Amino acid sequence: MDFRPLFQPKTMAVVGVSLQNYQHPANVIFNKNHLRYPVKVFAVNPRGGLLQGETVFRKISDIPEKVDLAVIAVRAEHVPEVLSECIESGTGAAAVISGGFAEIGRNDLQETLVSMAREADFPFIGPNCLGIYVPAIVDSFFLPIERMVRPEQGNVAVISQSGGILVDHMVKFREEGIGLSLGVSIGNKALIREIDLLEYLDADPRTGVIAFYIEGFGRGEGRDFVLTASRCSKPVIVIKSGKTPGGVRAVSSHTASLAGDYEVFSQVLAQMGVVEAKDELELISFCESLSCYQRPIEGKIGIITGSGGHGALAVDVCSAHGLLVPGLKAQEQAKIRQDLSKSVRDIASLGNPLDLTGSAVDEDFVAAAAHLSKIPEIDCVLLLLLPYLPGISSDLGARLSNIYQKEGKVLIAYVPHVEKYRMLIEGFELNGVPVAHSIEAAVLMAEALRRCQPC
């Protein structure tokens with residue numbers, strides 16, 4: 001199947017707009033794309049008329065241009081007829097937003113859509129979903145534009161069985177500075193499923209990391225998914241619901257999925273080098289880290305901080321995740337001490353973690369990071385930066401990032417995510433160094449690189 005009409009449409013029809021209810025989901029979709037996206041949008045309703053001064057076509061076949069993507073938001077029993085019109089009129093693809101299919105026991109109605117699409121080689125997303133969001137191209141979500149918080153354009157693709165989970169993660173991506181290449185809510189995934197999108201995104205030049213929220217698979221499908229993910233050339237991250245008996249029941253009523261045996265699924269993911277995120281914090285941290293670095297590490301961590309307490313906490317978190325914090329040799333400590341400023345040279349603790357103390361200035365952090373980046377026993381450097389130290393400037397993020405550009409060793413920063421420190425954070429992020437909002441999140445970013453090993 002050709003997925004380009006789904007994700008790179010130039011024309012779009014919204015089927016099911018209302019001429020009375022301007023808050024109808026189809027109207028929201030029509031309005032936001034008509035006003036804010038480059039895709040050319042057409043409204044469809046059997047009654048015809050005008051909407052926002054634009055012609056409402058009675059059928060999709062009445063539209064005078066070839067339609068790439070049809071967004072279908074009509075009652076479930078009318079969807080087969082609309083899908084048939086899409087196929088007959090040469091429409092390229094569809095997103096079926098409508099609910100009322102397998103999730104409420106209407107397997108027959110859902111299977112009708114699948115049979116029609118397979119016979120015609122016609123791709124569609126859904127039903128029972130939000131559909132597709134591609135930054136700067138198209139947005140089929142029926143959420144008013146003023147209520148949407150969208151991440152910047154980037155290289156992380158997120159595929160989710162739940163539209164709500166997808167939107168929530170988009171909000172957090174924006175907060176954490178993670179860029180999105182594509183977001184897809186697949187709902188009941190009647191036709192296009194995770195494996196199809198995994199294969200498409202593996203070849204998508206805009207995507208560098210592929211993340212999935214999965215509720216369950218059809219029988220035997222989980223094994224095929226893990227095998228396909230293990231062969232993917234890009235990092236694949238999975239977060240799974242339905243881990244408990246209650247979660248299994250919730251999954252079944254949400255998207256009619258089989259939650260399966262979670263423990264077996266989790267063990268197989270680890271064996272095949274697919275990164276499993278246990279919770280939302282891990283998912284966000286893993287996405288940010290792997291969007292910057294895709295080379296695995298062994299997990300030998302060097303820590304630089306201006307606060308002994310932060311260093312000690314970081315060591316504990318590293319240990320809890322099985323990451324090593326090796327001590328530095330006396331000769332290595334001597335080299336670092338020699339390059340420190342006079343104010344901290346005699347008081348800094350350099351055993352690893354490196355506590356440069358609250359008297360440290362930018363040059364001390366730069367010197368320490370440069371030395372750690374040359375030590376073979378360290379394969380990842382955590383920078384725990386406290387912007388309220390008087391010797392720290394807003395330029396430090398960019399200066400430390402230059403060390404990564406020069407040495408190529410993984411740097412991960414922790415900076416409190418407060419607007420006042422935005423320039424410091426952007427100094428890292430704009431130069432490809434991830435910035436965590438907490439010590440734990442910074443350690444999880446390192447853990448992602450250790451967990452993402454070739455099988």
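1. Gln 52 is placed in the loop between strand S3 (49-51) and strand S4 (54-57). Its phi is near 55°, a positive value in a residue other than glycine. Gln 52 is exposed, with a relative accessible area of 51%; buried means under 20% relative accessible area, exposed over 50%, and partly exposed in between, for a 1.4 Å probe and protein chains only. Helices (H or I, at least four residues) and strands (E, at least two) are DSSP runs numbered from the N terminus.

2. On the basis of the model: it is predicted, so that local features need pLDDT of at least 70 and side-chain atom pairs count only at pLDDT 80 or more, while totals for chains, interfaces and linings use all residues. Residues are numbered from 1 along each chain as its sequence is written, and side-chain values use heavy atoms, with hydrogens and water left out.

3. Lys 189 also has a positive phi in a residue other than glycine, near 40°. This residue lies in the loop between strand S11 (180-185) and H6. Lys 189 counts as buried, at 1% relative accessibility.

4. Two cis peptide bonds deserve attention in review. One joins Gly 126 and Pro 127, with omega about 0°, and Pro 127 lies in the loop between strand S7 (124-125) and strand S8 (131-134). The other runs from Asn 352 to Pro 353, with omega near 10°; Pro 353 belongs to the loop between helix H13 (342-345) and strand S16 (354-355).

5. In helix H7 (residues 221-231), the buried residues are Glu 221, Gly 222, Phe 225, Val 226, Thr 228, Ala 229 and Ser 230. They pack against helix H6 (194-202), strand S12 (209-214), strand S13 (236-240) and helix H9 (262-271), where contact means heavy atoms within 4.5 Å.

6. Glu 276 lies in strand S14 (residues 275-276) and counts as buried at 5% relative accessibility. Its side chain makes a polar contact with the side chain of Lys 278 (3.4 Å). A polar contact is a pair of N or O atoms within 3.5 Å; within protein, one must be able to donate a hydrogen and the other to accept it, and residues adjacent in sequence count only if both atoms are side-chain atoms. Leaving aside neighbours within four places in sequence, Glu 276 is in contact with residues including Val 238, Tyr 262, Phe 286 and Arg 451.

7. Helix H11 (residues 308-320) and helix H17 (residues 439-451) pack at an angle of about 45°, with their axes 10 Å apart. Axes are lines fitted to C-alpha atoms, for helices over the stretch in contact, and angles run from 0 to 180 degrees between N-to-C directions. H11 is therefore oblique to H17; angles under 35 degrees count as roughly parallel, over 145 as roughly antiparallel, 65 to 115 as roughly perpendicular and the rest as oblique. The contact is made by His 310, Leu 313, Ala 314, Val 317 and Cys 318 of H11 and Ile 439, Glu 440 and Val 443 of H17.

8. His 310, found in helix H11, is buried, with a relative accessible area of 19%. Not counting residues up to four places away in sequence, His 310 touches Thr 305, Leu 384, Leu 386, Tyr 414 and Ile 439.

9. Helix H14 (residues 362-372) and helix H15 (residues 396-407) pack at an angle of about 20°, with their axes 10 Å apart. That makes H14 roughly parallel to H15. Asp 362, Glu 363, Phe 365, Val 366, Ala 369 and Ala 370 in H14 meet Leu 396, Arg 399, Leu 400 and Ile 403 in H15.
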